[in-house]
Amino acid sequence: MKNLLFALLLLLGATCAAAQGFIRTDGTRFVRDGQTYRFVGANFWYGSVLGSRGQGGDRERLARELDAMKALGIDNLRILAGADAGSKNVVSVRPYLQSEPGVLCDTLLEGLDYLLCEMRKRDMVAVIYLTNAWDWSGGLGFYLRAAGYGDSPDASGEGWKDYCAYAADFFRSEQAKNLYYDHVRRIVSRTNSLTGRPYADDPAIMAWQLCNEPRPFADDTKQAFAAWVDSTARLIKSLDRNHLVSTGSEGLYGCAVDERLTERIHALQSVDYLTCHIWPVNWGWSSAGNLSRALPNVFVKAGEYLALHERMARRLDKPLVAEEFGYPRDRNSFAVGTSTDSRDGFYTFMTQKLLASHADGGPLAGLNFWGWAGSGRPTAERWAEGADFLCDPPHEPQGWYSVYDTDASTLDILRRTAEALGRANINP
């Protein structure tokens, strides 16, 4: 019986097989099977939930979304390993992968297994972040609550400073960090239940990320923050020698606007490439009522932000990925069918930066826009259990930054960029 089960696992593993190998770095470029790998990708954090057979699962929709993205040339997906139980003070994702420290939902773990198998069939790769700095998926607050710090406060409005003060304690708490390290070990060391293949041996994974948008959250935790990045990256490398490791950082804005700290955490030997995020409205470069008129200023600010990180990447001789960027649809509307002229302007700017880097061998090696909603549709401004998952986190307006499968002009920009890269035919 055991031999029959093993044979079935091998057979299923073969059906998930792809011709591609592991992605490596060579100086400021990614390399796969001897060829430069430069990509247009998407944020798709909820992919493993769709892959499950339980609450929120929808494997038919998952297949549609993966097929739609692959047809556009989008083959690099940034996903969340799974949500942790959230604070009672915030709107957070359900279902939970981790309800209590070390108590994981088998259904959602199988959803992650299934997602990776389906991605591998399509020669797509995943960048998997292991927790979140923000409480919309539990994140650092989950570990702090387990260590006795109570529920995270609501970070909206006047609560922002309270949340930062709370989250900074993660880097002061050895208990919270050790609970997080235990979770890292469980996920990175996992064997896919559908294929019998250890995650460490799966080319469908491009990289592990320590966290989504990790920050020190206080000036006096910068040293502890850098030490945590170092220890976590080294831990992942000790468990998995095949995959890349990255921080998930916003870059300069995720390091207290401290360029030395930004470079320090990305210079670590166990960190393989740099990341940055760009959020013009959230960062005050634009506003909901000034989306079109603000674009010239947005282009200047975003260009300066990218250039700073490109200079850093050249100094460190590592690739750079702008792995989050977004812009609202016109009139700051969330509705399907609203025009996307302003967003398209920003997306065009970002993709032109990628193509310019492609042409001159620069360090900007990939983009992951935020984010893919595809066939998902909002039913209310805020997410509630049972509603479609979009890429907008549950506490934010649903449809704000998401790209629908009907956003034809935006999709055309992405498709034409992927075609222009022609990554399958790039010689090293």
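## The largest pocket

Twelve nonpolar, five polar and eight charged residues make up the lining of the largest pocket. Here Ala, Val, Leu, Ile, Met, Phe, Trp, Tyr, Cys and Pro count as nonpolar, Asp, Glu, Lys and Arg as charged, and the others, Gly among them, as polar. This is a predicted model, in which local features need pLDDT of at least 70 and side-chain atom pairs count only at pLDDT 80 or more, while totals for chains, interfaces and linings use all residues. Residues are numbered from 1 along each chain as its sequence is written, and side-chain values use heavy atoms, leaving out hydrogens and water.

The lining has 25 residues, and Trp134, Trp160, Asn282, His395 and Glu396 lie nearest the pocket's centre. A pocket is an open set of points on a 1 Å grid over the protein atoms alone, where a 1.4 Å probe fits, with protein on both sides within 12 Å along at least five of seven lines; lining residues have an atom within 4 Å of a point. The volume of the largest pocket is about 730 Å³, meaning the space filled by probe spheres set on the points, which are joined across faces, edges and corners.

Let's turn to a single residue. Glu324 is part of strand β12, residues 320-325 (strands are DSSP runs of E, at least two residues, and helices are runs of H or I, at least four, numbered from the N terminus). Glu324 counts as buried because its relative accessibility is 3%, where buried means under 20% relative accessible area with a 1.4 Å probe, protein chains only.

The side chains of Glu324 and Trp279 are joined by a polar contact of 3.0 Å (a pair of N or O atoms within 3.5 Å, one able to donate a hydrogen and the other to accept it; residues adjacent in sequence count only if both atoms are side-chain atoms). Leaving aside residues up to four places away in sequence, Glu324 also touches others, including Asn43, Arg78, Asn212 and Trp370, with contact meaning heavy atoms within 4.5 Å.

## Aromatic pairs

The whole structure holds 40 aromatic pairs. Rings of Phe, Tyr and Trp (its six-membered ring) pair if their centres lie within 6.5 Å; planes under 30 degrees apart count as stacked, over 60 as edge-to-face and the rest as tilted. Phe170 and Tyr180 form an edge-to-face pair, because their ring planes meet at 85°, with centres 6.1 Å apart. Phe170 sits in the loop between α6 and α7, and Tyr180 in helix α7, ten residues apart. Both are buried.

Notes:
Buried < 20%, exposed > 50% of the residue type's maximum accessible area, 1.4 Å probe, protein only.
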